[in-house]
Amino acid sequence: MHRLIMTSSTYRQSSVVTERQEQLDPANRLLSRMPMRRLEAEELRDSLLLLAGQLNETPHGPAEPVSVRADGLVLSGKRRSIYVQQLRKQPPSLLESFDLPAMNPNCLQRTDSLVAPQALHLLNDSAIREMARGLAGRVLEVAGADASRQIQQVYWIALSRPPSAEEMEICLESLNALAQQAKPNSQLADGISTTDNARKALETLCHTMMNSAAFLYMD
C-alpha cells in the first residue's frame, strides 16, 4: 500500500499552484497539488545531522540518553530521533521547539506552529552552528577553495538541486563580503586557530542554508 501511494501521480505532484488550480481547487480538497509542509521535528533534526555528516544510522539497541547543557538546552546525541531517549521533563530542545508531541497528555494530533523561538533556535544554538561547520567541512573536501563549486555542493547536499543563476550570484557576493568581514585568528570547532576567512564565510553560508525555507519546507 505504501508503494502504491508513494508512486502515484497524485503523491508525486509539485506544490506549485497554477492559476487554474487556484480557481478550481483553492483549498486543495481535490488534491490537485502537493501541499507544502515544514519538516516535522524528527525529520528536521535527522536532516541537520545528515547534512553535517554526523548522523549515526546504527539501527536497533537501547535509546540514546539525553544530556542537559549548562544553558539549560537538552541535547540528544547523534543517532536518529527514533532512538532518542524520551523523558517527560527533559525533551530534546530542538525537537520541542519544532512541535514534538508532549508525552503528557497523550497526543492525538500534532500541532504545526510557526513561532519566533524556532527561528531563534536555529540561528543561535551553538549545536546548530557546529553542524554548519560539519557541512562546510564536507563541502571543502569535494569543492576545495573554488567558491562556485562550494556553492554548488552546498545546494546539492542541502536541497538536492543546483543553485539557479540568481542564487549563485547572490551566494558568490555573500561569500566575498563575509570573507572580508570575518575576523582573523578565529576558533574553529576543533580548537585550531585559523586566519582562513573564506572557511568562516562558507560556514556562515551553510548555517544560512540550514535556516532557509527551501531547506525547512518540503516543496
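## Helix α8 and E167

E167 is found in helix α8, where helices are DSSP runs of H or I with at least four residues, strands are runs of E with at least two, and both are numbered from the N terminus. This is a predicted model, in which local features need pLDDT of at least 70 and side-chain atom pairs count only at pLDDT 80 or more, while totals for chains, interfaces and linings use all residues. Residues are numbered from 1 along each chain as its sequence is written, and side-chain values use heavy atoms, with hydrogens and water left out.

At 22% relative accessibility, E167 counts as partly exposed; that class lies between buried, under 20% relative accessible area, and exposed, over 50%, with a 1.4 Å probe and protein chains only. Not counting residues up to four places away in sequence, E167 touches Y155, R161 and P162, a contact being heavy atoms within 4.5 Å. From C-alpha to C-alpha, E167 and I151 are 9.1 Å apart in space, and they are 16 residues apart in sequence.

## The chain as a whole

The protein chain holds ten helices and six strands, and its C-alpha trace spans about 55 × 45 × 35 Å along its principal axes. Of the 219 residues in the protein chain, 35% are buried. Among contacts with a separation of 6 or more, 49% are accounted for by residues 24 or more positions apart.

## The nonpolar core

In soluble globular proteins, nonpolar side chains tend to be buried together. In this model the largest nonpolar core has 37 residues, and those with the most contacts inside it are L48 and M210; such a core is a set of buried Ala, Val, Leu, Ile, Met, Phe, Trp, Tyr and Cys residues joined through side-chain atoms within 4.5 Å. At least two residues of this core come from each of α3 (41–51), α4 (93–97), α6 (126–143), α7 (147–159), α8 (165–181), α9 (197–210) and α10 (213–216). Helix α6 gives the most to this core, with seven residues.

Leaving aside its neighbours within four places in sequence, M210 is in contact with L48, L51, L122, I128, M131, A132, L135, F215 and L216.

## Two helix pairs around α6

The axes of α6 and α7 come within 9 Å and cross at roughly 125°, where axes are lines fitted to C-alpha atoms, for helices over the stretch in contact, and angles run from 0 to 180 degrees between N-to-C directions. That angle makes α6 oblique to α7, because angles under 35 degrees count as roughly parallel, over 145 as roughly antiparallel, 65 to 115 as roughly perpendicular and the rest as oblique. The contact is made by L135, R138, V139, L140, V142 and A143 of α6 together with R149, Q150, Q153, V154 and I157 of α7.

The axes of α3 and α6 come within 8 Å and cross at roughly 40°, which makes α3 oblique to α6. Here the contact is formed by L48, L49, L50 and L51 of α3 and by I128, M131, L135 and R138 of α6.

## Two loop residues with positive phi

H60 has a positive phi of about 65° although it is not a glycine, and its place is in the loop between α3 and β2 (67–68). At 61% relative accessibility, H60 counts as exposed.

S160, found in the loop between α7 and α8, is a residue other than glycine whose phi is also positive, near 60°. At 56% relative accessibility, S160 counts as exposed.
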